Amino acid sequence: MAKCAGAGELRTRIMVFDLPRDETGEVLKDADGYELKELVNVFGEGRTRSCKWVNAWGTEVYQARQAGVTEPATLTLRYTPRITSTCLIYQGKDPRPYEVISVNDVEDRHTWLEVKVQRKAAMK
């Protein structure tokens, strides 16, 4: 697992979406008190971030499949507090999102962020 990445390794562009939130971090609600369901880009309209994207391979794939995880990957990017476990991540132009499994501030230094993702399950 990568604890950091060189600038040349941050080749994959991602877009990160989440539910709209206010300054306190609470999900915004409509006039009737229901949570807004429209996703917004956490970095701003049309903005992307660069990351190092490493797909799981070998025995790691079989272990993940036994745990019910599909298409696991690890992303390493510069630290940002905007990515949380409720976010959806789109890789490049791929229309199918990945959901965040876990977010790790590497060594709590606010320098690198390591994000574990899996393919979002189809709605039934």
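What follows is a walk through this predicted model, from its nonpolar core to its cysteines and then out along a few paired strands. Local features are taken only where pLDDT is at least 70 and side-chain atom pairs only at pLDDT 80 or more, while totals for chains, interfaces and linings use all residues. Numbering runs from 1 along each chain as its sequence is written, and side-chain values use heavy atoms, with hydrogens and water left out.

Let's start in the middle. A nonpolar core here is a set of buried Ala, Val, Leu, Ile, Met, Phe, Trp, Tyr and Cys residues joined through side-chain atoms within 4.5 Å; buried means under 20% relative accessible area, exposed over 50%, and partly exposed in between, using a 1.4 Å probe and protein chains only. The largest such core has 17 residues, and the members touching the most others are Val16, Trp53, Leu75, Ile89, Val115 and Val117. At least two core residues come from each of β1 (12-18), β3 (49-55), β4 (73-78), β6 (98-105) and β7 (112-119). Strands (E, at least two residues) and helices (H or I, at least four) are DSSP runs numbered from the N terminus. In soluble globular proteins, nonpolar side chains tend to be buried together.

Leaving out residues up to four places away in sequence, Trp53 touches Thr12, Ile14, Ala73, Thr74, Leu75, Ile89, Gln91, Tyr98 and Val117, where contact means heavy atoms within 4.5 Å. Thr12, for its part, sits in strand β1 and counts as buried at 18% relative accessibility.

The whole structure has zero disulfides, a disulfide being a pair of cysteine sulfur atoms within 2.5 Å.

Now for the strand pairing, which requires at least two DSSP bridges between two strands. β1 runs antiparallel to β5 (residues 88-91), with four bridges joining them; in one of these, Met15 partners Tyr90. β5 also pairs with β6, again antiparallel, over two bridges, and here Leu88 stands opposite Glu99. The hairpin of β5 and β6 has six residues between its strands, and Gly92 takes a positive phi near 55° there.
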